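Take a walk through this fold with the model open beside you. Begin with the overall order of elements, then turn to two individual residues.

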Amino acid sequence: MLFKKPDFLKSPIERYRQSIEERMQSKAQIFREKSAQKKLLFVYTLAFPQTEDRLITAFSYGVSFASHPERLQQVELCLQVASNEMDWVHIVGYLANQLRTDCPFRKGEIIKIGQQISPDSEMDAFVVSEVQFLDDTSLIYDSKKSKGIELVQLIPIYQSEIITIQKLGIESFLQAIKTHQQQVNRKAI
């Protein structure tokens, strides 16, 4: 007989992980990194490697531990791309760790990396968007006191597309790349 830990004994990361795994219908690999900022907890990355029926997917857990004056809701980052490179998974945890007190991660916001993210792509920036690859995008409650965590998606772009985004507007740009937004080698528009 297999015993399961009662919900009241689960830690916030266990509750968060359970919610993400239910949405992904798969078990996650967990990566933990020490906080880049004193007095903040570790940052976790939940990774789902690419399979025949799923693209490589990653979720952060640690942005919601930090506050930002422009952030109205607690958020966590997610990413889904067509690649086998784990650099895409690790960039999610890296950005969560480095920017969680400095960036509000609002939809439409552009995050410049300044260098190639992965050897299989020349993309070097992200645009923050609402999550487009999950059926369930409801808030995640990692504790009884939680007001809910909203997931936001990082969509990889080329820095050269920032001008296009400014000309077209974020909604039109996302619509233009909609069928190819998970391709890390798509042509720049």
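From the N terminus on, the elements run α-β-β-β-β-α-β-β-β-α-α. That makes four helices and seven strands in the chain. The model is a predicted one. The C-alpha trace spans about 55 × 40 × 30 Å along its principal axes.

How much of the chain is buried? Buried residues account for 47% of the 189 residues. The contacts reach across the sequence. Taking contacts between residues at least 6 apart in sequence, 61% join residues at least 24 apart. The accessible surface comes to about 10700 Å². Carbon and sulfur atoms hold 50% of that surface. As for charge, the chain has 24 positive and 23 negative charges. Their mean positions lie 8 Å apart.

Now zoom in on S35. Where does this residue sit? S35 is in the loop between strand 1 (29-33) and strand 2 (43-48). Is S35 buried or exposed? Its relative accessibility is 17%, and the cut-off for buried is under 20%, so S35 counts as buried. Leaving out residues up to four places away in sequence, S35 touches L40, L41, F42, N97 and R100. Two polar partners stand out for the S35 side chain. One is the side chain of R100, in a polar contact of 2.7 Å. The other is the backbone oxygen of Q37, which lies 2.7 Å from a polar atom of the S35 side chain. Look also towards Y94. S35 and Y94 are 59 residues apart in sequence, yet their C-alpha atoms are 9.9 Å apart in space.

Next, move to T164. This residue belongs to helix 3, which covers residues 162-168. Why does T164 count as buried? Its relative accessibility is 17%, and buried means under 20%, so T164 falls within the buried class. Which residues does T164 touch, apart from those up to four places away in sequence? They are G169, F173 and I189. The backbone oxygen of I189 lies 2.9 Å from a polar atom of the T164 side chain.

S35 lies in a loop, whereas T164 lies in a helix. S35 counts as buried at 17% relative accessibility, and T164 counts as buried at 17% too. In each case a backbone oxygen faces the side chain: that of Q37 for S35, and that of I189 for T164.

Conventions. Residues numbered from 1 in each chain as written. Predicted model: local features only at pLDDT ≥ 70, side-chain atom pairs only at ≥ 80, totals over all residues. Heavy atoms only, no water. Helix = DSSP H or I, 4+ residues; strand = E, 2+ residues; numbered from the N terminus. Buried < 20%, exposed > 50% of the residue type's maximum accessible area, 1.4 Å probe, protein only. Polar contact = N/O pair within 3.5 Å; in protein donor to acceptor, adjacent residues only side chain to side chain. Contact = heavy atoms within 4.5 Å. Areas by Shrake-Rupley, 256 points an atom, 1.4 Å probe, with all protein chains shown as cover. Lys, Arg positive; Asp, Glu negative; His and termini not counted. Charge placed at Lys NZ, Arg CZ, Asp CG, Glu CD.
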